[in-house]
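Welcome! Have a look at the model below, and then let us walk through some of its parts together.

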Amino acid sequence: MGIQRKKITKIVAAFLFGVTILTGCGSNKDATSNVKTTTTVQSSETTEEQSTSIEEESTEQKAAKIAAMSGPTAIGMVKLMQDAEEKKTEFPYEFQIFGTADEVSAGLIQGTLDMAAVPCNLAAVLYQKTGGEIQVAAINTLGVLYLVETGDTIQSVEDLKGKTIYSTGQGTTPEYTLNYLLTSYGLNPETDVTIEYRSEAAEVAAILAESEDAIAMLPQPYVTVAMTQNDKLRIALSVTEEWEAVNADSTVVTGVLVVRKAYAQENSDLLEAFLTAYQSATEYANQDIEGCASLVEKYGIFKAAIATKAIPYCNISFIRGEEMEQKIMGYLETLYKQNPASVGGQLPDEGIFYKEK
């Protein structure tokens with residue numbers, strides 16, 4: 001099936017950043033847009049060697065309906081999307097790319113979507129909201145936040161003392177992440193630094209372009225976009241690396257793959273085949289950056305020129321099992337301590353994790 005796209009608003013698709021950071025089920029203006037790109041891809045593998053009975057079974061198999069958000073959390077999926085479009089996958093899949101988390105949440109709750117790549121904390125919110133009917137199957141994206149500056153004064157988190165930091169995401173996970181990072185290094189977010197929040201990453205990028213000594217915390221691909229506008233801008237610190245330096249038991253987890261529990265129980269073979277293919281797709285994203293970037297543009301996520309530079313900094317991953325559980329719970333616990341609503345009001349129990357039967 002070909003690609004179908006709905007009306008695109010004025011926001012330039014090249015600058016889309018779909019890692020929505022939520023306090024509840026609402027979307028963050030910074031991380032999402034009103035853009036909705038819907039990509040539908042179907043596939044079922046049939047070869048001459050297959051028997052008639054297998055072909056009939058494949059034909060009868062309903063396509064899994066899978067969603068991603070326009071941004072880094074969709075990058076690891078694009079090769080799988082192409083394979084599905086070219087009918088190279090074992091089972092049939094239909095992919096949709098959305099611009100807001102609300103649309104994805106509604107689809108999962110209503111059962112019109114079977115799986116989705118979503119922000120980690122949204123997975124916890126949905127787990128609570130549905131009474132445990134949404135489970136996490138894998139981590140697909142680790143940290144995408146970076147501290148950048150137009151000068152050359154920030155070599156460590158401690159160097160931020162007395163500085164002004166521009167950021168987005170006030171009242172959502174970027175704020176909680178920055179506060180955690182500062183306090184972990186002995187800085188008081190309220191007295192030792194000045195944090196000025198803007199509603200959109202583009203506003204922060206504009207400040208960086210106009211200033212000779214500005215400091216900001218931005219997500220990819222906005223870091224890459226800003227660096228193309230200002231050759232004096234440099235990445236000073238990786239928020240993920242600084243987090244892990246003080247907390248070896250957790251890390252920043254940006255995106256995860258979730259699945260409806262009922263769907264997983266009824267389609268375990270398809271789900272496991274999908275996860276195997278998804279892992280291969282994430283490996284492709286990291287190994288063939290230019291090829292992946294071309295597919296990122298093909299599916300309307302952002303331009304290939306931006307993707308080529310941003311992908312190495314997007315921490316595209318595929319993590320399952322105990323490592324996944326440890327990283328996610330450590331991250332959610334940190335968010336919970338700052339604002340319980342950011343993870344659905346309470347920490348999820350181990351039932352949030354899908355486990356292979």
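This is a predicted model: local features need pLDDT of at least 70, side-chain atom pairs count only at pLDDT 80 or more; totals for chains, interfaces and linings use all residues.

Residues are numbered from 1 along each chain as its sequence is written, and side-chain values use heavy atoms, with hydrogens and water left out.

E149 belongs to strand β5 (residues 145-149); helices (H or I, at least four residues) and strands (E, at least two) are DSSP runs, numbered from the N terminus. Is E149 buried or exposed? With 1% relative accessibility, E149 counts as buried, where buried means under 20% relative accessible area, exposed over 50% and partly exposed in between (1.4 Å probe, protein chains only). The side chains of E149 and R234 are joined by a polar contact of 2.7 Å. A polar contact is a pair of N or O atoms within 3.5 Å; within protein, one must be able to donate a hydrogen and the other to accept it, and residues adjacent in sequence count only if both atoms are side-chain atoms. The side chain of E149 also reaches the backbone nitrogen of T153, at 3.0 Å.

## The sheet of five strands

Now step back to the sheet that holds β5. Five strands make an open sheet in the order β7-β6-β8-β5-β9, with mixed pairing; two strands pair if DSSP finds at least two bridges between them. At the edges are β7 (194-197) and β9 (234-238), each pairing on one side only. From one strand to the next, the twist averages 30°. Strand β5 is joined by five bridges to β8 (residues 215-219), and the two run antiparallel. Within β8, I215 is the bridge partner of E149.

Two helices pack on this sheet. Helix α7 (residues 201-210) touches β5, β6 (164-167) and β8, and its direction makes about 145° with that of β8. Helix α8 (residues 222-229) touches β5, β8 and β9, at about 130° to the direction of β8. For such angles, axes are lines fitted to C-alpha atoms, for helices over the stretch in contact, and angles run from 0 to 180 degrees between N-to-C directions.

T164 is partly exposed, with a relative accessible area of 29%. Apart from residues up to four places away in sequence, T164 touches T194, E196 and I215. The C-alpha atoms of T164 and A216 lie 8.2 Å from each other, though 52 residues separate them along the chain.

## The sheet of six strands

Another open sheet has six strands in the order β2-β1-β3-β10-β4-β11, again with mixed pairing. Its edges are β2 (93-98) and β11 (316-319); each has a single partner strand, so one side of each is left without a neighbour in the sheet. Even so placed, β2 has five of its six residues buried, so it is largely enclosed by the rest of the structure.

Six bridges link β1 to β2, which run parallel, and A67 stands opposite Q96 in β2. By contrast, β4 and β10 run antiparallel and are joined by seven bridges, with V258 in β10 as the bridge partner of V136. Helix α4 lies across β1 (64-69), β2, β3, β4 and β10, at about 140° to β3. Helix α14 lies across β4, β10 and β11, at about 85° to β4.

## An enclosed helix

How many of the ten residues of helix α5 (residues 120-129) are buried? Eight are, so α5 is largely enclosed by the rest of the structure. The buried ones are C120, N121, L122, A123, A124, V125, L126 and Y127. Their cover includes α4 (101-110), β3 (115-119), β4 (134-142), α6 (173-184), β10 (253-260) and α14 (321-338). Just after α5, G131 takes a positive phi of about 65°.

## Two crossing helices

The axes of helices α11 (residues 268-287) and α12 (residues 289-298) come within 5 Å and cross at roughly 110°. The contact is made by Y284, A285, N286 and Q287 of α11 with I289, G291, C292 and L295 of α12.

Notes: Contact means heavy atoms within 4.5 Å.
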